[in-house]
Amino acid sequence: MIPAPLLLIPGFFVCLLLPLTVCEEQQISKDNLLVLTVATKETDGFRRFLKSAKHFNYTIKVLGQGQKWKGGDYVTAPGGGQKVRLLKTALEEMKKQDKIILFIESYDVVFASGPKELLKKFQQTRHKVVFSSESLIWPDRHMEDKHPHVREGNRFLGSGGFIGYLPNIREMVADWKGKDNDSDQLFFTKIYIDPVKRKSINITLDSTCRMFQNLHGALDEVVLKFENGRVRARNLLFDTLPVIIHGNGPTKLQINYLGNYIPNTWTFENGCTAVDFSIENYYKCFFEYPMVLIGIFIQQPTPFVTVFFERLLKLQYPKNRLKLLIFNQEVHHERHVSSFLHDHGNLYQNVKFIRPEEGMDGPASRNLGFDMCRKDKDCEYFFSIDIEVVLKEENTLKILIEQNLPIVAPMITRVGRLWSNFWGALSSDGYYARSEDYVDIVQGRRVGVWNVPYVSSVYLVKGSLLRSELTDSELFNSHILDPDMAYCHSVRNKGIFMYVTNMHTFGRILSTENYQTDHLHNDLWQIFENPEVRKCLLCIVIMTMISLSIDVSPCPDVYWFPVFSDVACDHLVEEMEHFGQWSGGRNKDSRIQGGYENVPTVDIHMNQINFEKNWHKFLLEYIAPITEKMYPGYYTKAQFDLAFIVRYKPDEQPSLRPHHDASTFTINIALNQLGPDYQGGGCRFLRYDCSIKAPRKGWALMHPGRLTHYHEGLPTTAGVRYIAVSFVDP
């Protein structure tokens, strides 16, 4: 029996026993592929291109390195002829005729797959030269009718990427005699629309974006495709997976967005795949820590400024490698800055303090900060931070320097909101727009280092960048844009990448909208407006009462536990003394309903200083849960008729006679310390014959008010004792 090599079916034949190469053209070896690109200077986009090429093992040859660019601004106007000249010269020197040449842009291009897939798709076109395609015609719209029609896809040629055999591409550029600023797009388009040349060179378009994806005119068609640990760009219109992604024309921000993921920069399976450098090894390269100029900008009344400076002191970075520029536009904060500099200014290598009376505005101060670093040859980084930033990560500065990026910001957010210090995208008029991944990044579902179009509030800039690319002394000035927007606009126009990292929890940004400065300790009114810093004032009770290692019930149905820090206690006392309108401890009292107090004290009510709303939130959030635990079955909304600060003094009102409180339960918080501040004091519950020495500072004493817990305030024999009392009802 003679074996038949082919099974014949009308209209078809199928290979059965013969090798695959008999029926199918042999796959081109990736060793025959050479990628040519033009890059006259090394930019962030160029480095990204090389990184993606290295990921897939492409062989790259860069043309024009170190040369002056004379090709014009071909993004917004025709140009780019210099690229054709450089290509023509390079091809003339090549001898191997079966070489496959891929000629592409580099500043705004990333590879999404490797040479094997690219060559296979090229081979399947059955043409010698394949250009990328576009849905928009450029630069001469009058040539639209001369473009051949295609069966499917885009009709128009894109010169930003093409692939072909060396002899054919050499023939294609042989007639180039144009100037460096002539249009390369127009040159290649004229060849393509000429039927004779198109046939002679054997040119076609990648009309369905199987190899090349130009983003201009196709943004709605391109999405990310996550699958099996890989990230690709998918063209929804043609259902293709392009190998090369090109952010041509005005789509630089979109290629930056895609470059956050392609090729495999971030995946659902592995998260961020960027290499983490050892911080120890990184600083060994410097032999000493880089010199950093920290610019601190105070442009509005802001809560917790003292906390800001406390966190600045805790930054894990040698103080002798830090210089400070402090710009303060608010008279209210003069004492805070002066106190910090008096106590700690000598720790830093150098300090410049700009006061409100100097009349400098915000943009000028930020320009000055950049200029100080620009002119200081020792300044390797400028770290800009606004006063409303709460940096919780003490290694922030090291982490940012370790990224080795031109501009990088630590992501900070506002509690309970989607606000952050970066934008994921821009609107058509250059303002905020939400990117597809913004919410996932802000909420930490996607963690990595992200190329973004805008950062603010806190960021690190390389000093070398200020001395080379960002040399304009008025980067923050604009007649129409906010200073940060003007700065970011300039950075984007220079082709410099800005990044934000959420690889760590760096901190929060304070809300300043409702901050008032008419009190002594204004921060007290902010502990619920800005909950991230409330721990500075409250001893947050995160443990259950059962887990406390002390006797939590000194008398029957009486409990004590910590609630306030020493700072909170001191501030409350100082605030009341600053207010100064203490009652006389008389029965007649116009502040209460009915105007008569049966058991009067020397006190100031919370509503006298407009603190009652904050006090109610404190009781509801911290006291109510403990009440419900200690008194099972009882639930409270922490409503109160009276909440006040009491002052006991031997020569004023040393004690309080036996009485019932007009409450369901009472909270009594000690605001100063037995011993150093006063002698005596305490409380005795007569029915149980149980006396309690004054609780330690910041601790609350909780007991039922009406009926069962008849009690008296024991005499204060020396000093001054302060307590915060709340009569709470359901």
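User: What makes a residue a contact of Thr251?

Analyst: Contact means heavy atoms within 4.5 Å. Leaving aside neighbours within four places in sequence, Thr251 is in contact with Leu215, His216 and Leu219. This is a predicted model: local features need pLDDT of at least 70, side-chain atom pairs count only at pLDDT 80 or more, and totals for chains, interfaces and linings use all residues. Residues are numbered from 1 along each chain as its sequence is written, and side-chain values use heavy atoms, with hydrogens and water left out.

User: Why does Thr251 count as buried?

Analyst: Buried means under 20% relative accessible area, exposed over 50%, partly exposed in between (1.4 Å probe, protein chains only). Thr251 has 2% relative accessibility, so Thr251 is buried.

User: What makes Cys555 and Cys690 a disulfide?

Analyst: A disulfide is a pair of cysteine sulfur atoms within 2.5 Å. The sulfur atoms of Cys555 and Cys690 are 1.8 Å apart, and the two form a disulfide.

User: Why is the disulfide of Cys555 and Cys690 called left-handed?

Analyst: The torsion about the S-S bond is about -80°, so the disulfide is left-handed. Cys555 and Cys690 are both buried.

User: What makes Cys373 and Cys379 a disulfide?

Analyst: Their sulfur atoms lie 2.1 Å apart, and Cys373 and Cys379 form a disulfide. The link has -95° about the S-S bond and is left-handed. By this rule the count comes to two disulfides.

User: Why is Cys488 called buried?

Analyst: Cys488 has a relative accessible area of 0%, so Cys488 is buried.
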